[in-house]
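Please examine the sequence and the structure shown below. The paragraphs that follow lead through selected parts of the model step by step.

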Amino acid sequence: MRQSQIERNTKETKINLNVNLDEKGTNNLNTGIGFLDHMLDLFAFRAGITLNIKCDGDLIIDGHHSVEDIGIALGLALKEALGDKKGIQRYGSSRCPMDETLVQVDLDLANRAFLVFNADFRSKKVGEFETELTEEFFRAVAFNSGMTLHINLLYGRNTHHKIEAIFKAFGMALKEAIAITSNDIPSTKGVL
């Protein structure tokens with residue numbers, strides 16, 4: 001089974017995260033930020049994985065440390081669970097419509113960390129979630145997993161719909177990329 005458990009403790013957050021890439025089970029998410037819990041649940045469902053996160057963060061300040069550190073932990077867990085990446089599809093792409101919104105996500109699990117994030121949000125918050133932290137989350141995931149990640153909001157108006165479509169499209173693209181399709185390392189170099 002491709003799984004990983006990450007414990008990350010700083011002066012700002014205490015995080016326990018585990019992921020199972022080969023099992024679609026019940027997710028247990030408690031980040032302290034309800035909207036983020038909802039987004040992570042949608043992501044895990046669409047990715048076909050099981051994700052459990054417990055985060056105690058300094059939310060009395062704001063959500064920045066919690067959101068970024070959860071992204072770091074998720075990125076590290078994905079990297080560890082994938083190991084040498086033998087047999088995976090490697091690339092994933094998805095478009096996700098949500099009412100008036102359309103998002104495209106493309107990714108490569110090649111150990112070449114990069115983020116392109118083309119999305120803007122009308123509202124500064126959805127619930128207690130600061131919308132500008134969406135980019136911070138995905139930057140942390142990409143750079144700690146070694147993922148090249150392109151997120152493009154093609155169009156939309158409603159901020160909730162935009163962010164939800166991003167998380168769903170990310171899940172669907174990741175599901176495609178982590179799928180086992182061979183017995184080989186998916187690179188002409190023979191290593192990722």
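Helix α3, which spans residues 133-145, contains both Glu136 and Arg139. These two residues are three positions apart, about one turn of the helix. In this predicted model, their side chains meet in a salt bridge, with a distance of 3.3 Å from N to O. The general principle is that side chains of opposite charge can pair when their charged atoms come close. Glu136 has a relative accessibility of 23% and therefore counts as partly exposed. Arg139, at 31%, is likewise classed as partly exposed.

A second pair is found in helix α4, residues 159-178, where Lys168 and Glu164 lie four residues apart, again about one turn of the helix. The side chains of Lys168 and Glu164 form a salt bridge of 2.9 Å, taken from N to O. Are these two residues buried or exposed? Lys168 has a relative accessibility of 15% and counts as buried; Glu164, at 7%, is also buried. Salt bridges may also share partners, and in this way Glu135, Glu136 and Arg139 are joined into one network.

A further salt bridge links Lys125 with Glu128, and the closest N and O atoms of this pair are 3.7 Å apart. Lys125 is partly exposed, with a relative accessibility of 46%, whereas Glu128 is exposed, with a relative accessible area of 60%. How many salt bridges are counted in the model? The count comes to eight.

The count of disulfides, by contrast, comes to zero. A disulfide would require a pair of cysteine sulfur atoms within 2.5 Å. Among the cysteines, Cys55 is buried, with a relative accessible area of 4%. Cys96 is buried as well, at 6% relative accessibility.

The strands may be considered next. Strand β2, residues 13-20, runs antiparallel to strand β4, residues 50-57, and eight bridges join the two. Within this pairing, Val19 of the chain stands opposite Leu51 in β4. Strand β4 also pairs with strand β3, residues 28-30; here the strands run parallel and three bridges join them. Leu29 has Ile53 in β4 as its bridge partner. In a regular strand, the side chains alternate between the two faces of the sheet.

Most residues other than glycine have a negative phi. Lys85, however, has a positive phi of about 70° although it is not a glycine. Arg90 is also not a glycine, and its phi is positive, at about 85°.

Conventions
Residues are numbered from 1 along each chain as its sequence is written. This is a predicted model: local features need pLDDT of at least 70, side-chain atom pairs count only at pLDDT 80 or more; totals for chains, interfaces and linings use all residues. Side-chain values use heavy atoms; hydrogens and water are left out. Two strands pair if DSSP finds at least two bridges between them. Buried means under 20% relative accessible area, exposed over 50%, partly exposed in between (1.4 Å probe, protein chains only). A salt bridge is a side-chain nitrogen of Lys or Arg within 4 Å of a carboxyl oxygen of Asp or Glu.
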